[in-house]
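Hi,

Here is the structure I said I would pass on.

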Amino acid sequence: MAKDKSAEKMKRKDYEKELQKLQVQLCHLQEWVRANNLRVIILFEGRDAAGKGGTIKALTEKVSPRVFRVVALPAPSDREKTQLFLQRYMQQFPAAGEIVIFDRSWYNRAGVEYVMGFCTPAEHKRFLSLCPQMEQYIIEGGIILIKLWLEVGMDEQERRFRARIDDPLRQWKLSPMDTESYRRWYDYSRARDLMFKATSSKHAPWNVIRSDDKRRARLNCIAFLLKTIPHGRVRRDKVKLPERSNKGRYNDQAGLRGMKFVEERY
């Protein structure tokens, strides 16, 4: 009997092979976005430890940060708390030739702010009511808006949290807010359901990616984005290096004598 593919973790070798193919296509997408002055917003949402950071890294590691710009805003300052809620997010919106990736977005109001009591029930209700209208305005302004939700299971989230506790390289990922979100699993589930019901509109639907297998989730996410953002190939002239000029030639290594070099330990 054949094994269920979804239950079997993807092998690293297979993952890296497929990722390389997709990253080549992302480079083509990058050139198309730049050449055609497209403006794109990609929202990444999901529970803590759902794999947002790793997916964003796989998406952006081979492209230019001038085109693929990642925005991960900290908690609002005292001044920002007095502004319109969406104001600080809109300041980060793309100009022509940019793809802005929000590592968490205005949907904080529907998730952590609502569950943890950082906003009032009235503010939460108002956000859910007005959000589809605001996103319609964004789209009508010519921006491509893509909303992604990474869905991690309860057992897998616990496994990832426990791995962070024991790994000094990942302990920084585990904050008091993360551990509280772990405790409030069902509160976050209800908040997610309310958000989907109110804001998954025809013009800006939510797209859910199962992320218990991080490697499959990353590949599925990138493949979906490549399919969703219309693009083609931009013809580029082959680059040819010119001959180096010998004008003003001198021993440029002599100028390094007496300088302090870093110890070559490797």
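Predicted model: local features only at pLDDT ≥ 70, side-chain atom pairs only at ≥ 80, totals over all residues.

Start with the strands. There are five of them in an open sheet, and the order across it is β2-β3-β1-β4-β5, with parallel pairing. At the edges sit β2 (68–71) and β5 (206–210), each of which pairs on one side only. If you ignore direction, neighbouring strands in this sheet are turned by 25° against each other on average.

A helix also lies against this sheet: α2 (residues 52–60) packs on it and touches β1 (39–46), β2, β3 and β4 (144–151). The direction of α2 makes about 150° with that of β1.

Now zoom in on β3, residues 98–103. On one side, β3 pairs with β2 in the parallel sense over four bridges. Strand β1 runs parallel to β3 as well, and six bridges join the two.

The crossing of α2 past α9 is right-handed. From α2, the residues involved are Gly54, Thr55, Ala58 and Leu59, and they meet Arg218, Cys221, Ile222 and Leu225 of α9. Sorted by class, the residues of this α2 and α9 contact come out as five nonpolar, two polar and one charged.

Next pair: α5 (residues 121–140) and α8 (residues 185–199). Their axes are 9 Å apart and the packing angle is about 40°, which means α5 is oblique to α8. Here too the crossing is right-handed. On the α5 side you will find His124, Leu128, Cys131, Pro132 and Glu135, which meet Leu194, Met195, Ala198 and Thr199 on the α8 side. The contact of α5 with α8 holds six nonpolar residues, two polar ones and one charged one.

The last pair is α6 (residues 154–166) with α7 (residues 176–183), at an angle of about 150° and with axes 11 Å apart. Oblique or roughly antiparallel? That angle makes α6 roughly antiparallel to α7. α6 passes α7 in a left-handed crossing. Gln157, Glu158, Phe161, Arg162 and Arg164 come from α6, while α7 brings Asp178, Ser181 and Tyr182. By class, the α6 and α7 contact has four charged, two polar and two nonpolar residues.

**Some single residues**

Glu113 belongs to helix α4 (residues 112–116). Is Glu113 buried or exposed? Its relative accessibility is 12%, so Glu113 counts as buried. Setting aside its neighbours within four places in sequence, Glu113 is in contact with Phe85, Asn108, Phe118 and Cys119.

Gln136 sits in helix α5 and is partly exposed, with a relative accessible area of 27%. The C-alpha atom of Gln136 lies 9.2 Å from that of Ser201, and these residues are 65 places apart along the chain.

Pro76 is in the loop between β2 and α3 (87–90). With a relative accessible area of 29%, Pro76 is partly exposed. Which residues does Pro76 touch, not counting those up to four places away in sequence? They are Lys81 and Arg88. Pro76 and Arg88 are twelve residues apart along the chain, and their C-alpha atoms are separated by 8.5 Å.

Cheers

Conventions
Residues numbered from 1 in each chain as written. Heavy atoms only, no water. Axes fitted to C-alpha atoms, helices over the stretch in contact; angles between N-to-C directions. Parallel < 35°, antiparallel > 145°, perpendicular 65-115°, else oblique. Left-handed = near helix turned anticlockwise from the far one by under 90°. Contact = heavy atoms within 4.5 Å. Nonpolar A, V, L, I, M, F, W, Y, C, P; charged D, E, K, R; others polar. Buried < 20%, exposed > 50% of the residue type's maximum accessible area, 1.4 Å probe, protein only. Pairing = 2+ DSSP bridges.
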